[in-house]
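Hi,

Here is the structure I promised to pass on.

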Amino acid sequence: MMKDVKEIIFDADDTLWDNQSYFDKAEDVFTEELKEYGTAEELSAELFKTESANMPILGYGAKAVCISMMETALKVSDNKVPGENLSRILSSAKSLLSLPATPLPGVEDTLKALKGSGRYRLVVLTKGDMLDQENKLRRSGLSEYFDRVEVVSNKGKKEYLDLCQSENITPSEMVMVGNSFKSDIQPVIEIGGYGIYIPFRTMWRHEVTEEF
């Protein structure tokens with residue numbers, strides 16, 4: 001029962017602050033700079049292929065996207081893309097490392113109330129580059145509300161069970177709050193925990209899955 005919950009786990013990107021909108025804008029710059037080599041849809045599809053292939057070695061986040069954009073630009077142009085176009089793509093992708101991470105409406109009030117209740121331990125569990133995620137949390141001003149911050153390369157059943165073990169709780173004593181059904185909700189439900197699904201207005205295609 002929910003009354004047994006001891007910990008509330010939060011995703012970070014697009015749950016605590018807007019993230020994907022900035023990545024979408026960077027992809028718009030990418031497709032605009034490469035429009036000589038394909039339609040926006042074709043270029044986005046090629047980029048996603050590259051990102052997916054690179055994921056096992058680069059993981060998630062702005063740095064991985066930046067490398068994948070450079071690689072895709074060279075591939076679709078047969079190494080002929082002008083340096084000034086690459087420079088604009090690089091600048092746009094690099095700006096993702098300094099996005100504002102402004103808390104979404106209601107987030108800080110909710111965290112303040114939960115923290116003030118004294119009933120729950122609050123944890124961030126997020127995928128991505130550790131330094132980038134830590135910097136976003138710092139810029140958000142939300143660090144003070146969390147008892148623990150964990151950055152992982154993937155969020156599946158194993159990672160949630162590992163978290164439960166390290167926190168000395170059972171899955172039924174945790175609630176996961178997030179915008180991705182695939183990464184935040186489904187694996188938690190499958191191990192016996194609770195999930196609070198808060199879809200964001202845009203979703204990276206890698207996180208799209210059938211919901212139940």
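**What turned up**

There are 0 disulfides in the structure, counting a pair of cysteine sulfur atoms within 2.5 Å as one. Cys-66 is buried because its relative accessibility is 13%, and Cys-164 is buried too, at 3%; buried here means under 20% relative accessible area, with a 1.4 Å probe and protein chains only.

Before going further: this is a predicted model, where local features need pLDDT of at least 70 and side-chain atom pairs count only at pLDDT 80 or more, while totals for chains, interfaces and linings use all residues. Residues are numbered from 1 along each chain as its sequence is written, and side-chain values use heavy atoms, leaving out hydrogens and water.

The chain is split into domain 1 (7-17 + 100-197) and domain 2 (20-96), with bounds from an automatic or database domain assignment. Their C-alpha centres are 29 Å apart. Domain 1 puts 9 residues into the contact and domain 2 puts in 6, contact being heavy atoms within 4.5 Å.

About 630 Å² is buried between the two domains, 47% of it from carbon and sulfur atoms; that is the accessible area (1.4 Å probe) both parts lose on being put together, summed over both. On the domain 1 side, Asp-14, Asp-129 and Asp-132 lose the most area to domain 2, together 45% of what that side buries.

The count between the domains is 1 salt bridge, meaning a side-chain nitrogen of Lys or Arg within 4 Å of a carboxyl oxygen of Asp or Glu. Asp-129 also forms a salt bridge with Lys-63, with the closest N and O atoms 3.3 Å apart.

Cheers

Notes: Buried means under 20% relative accessible area, exposed over 50%, partly exposed in between (1.4 Å probe, protein chains only).
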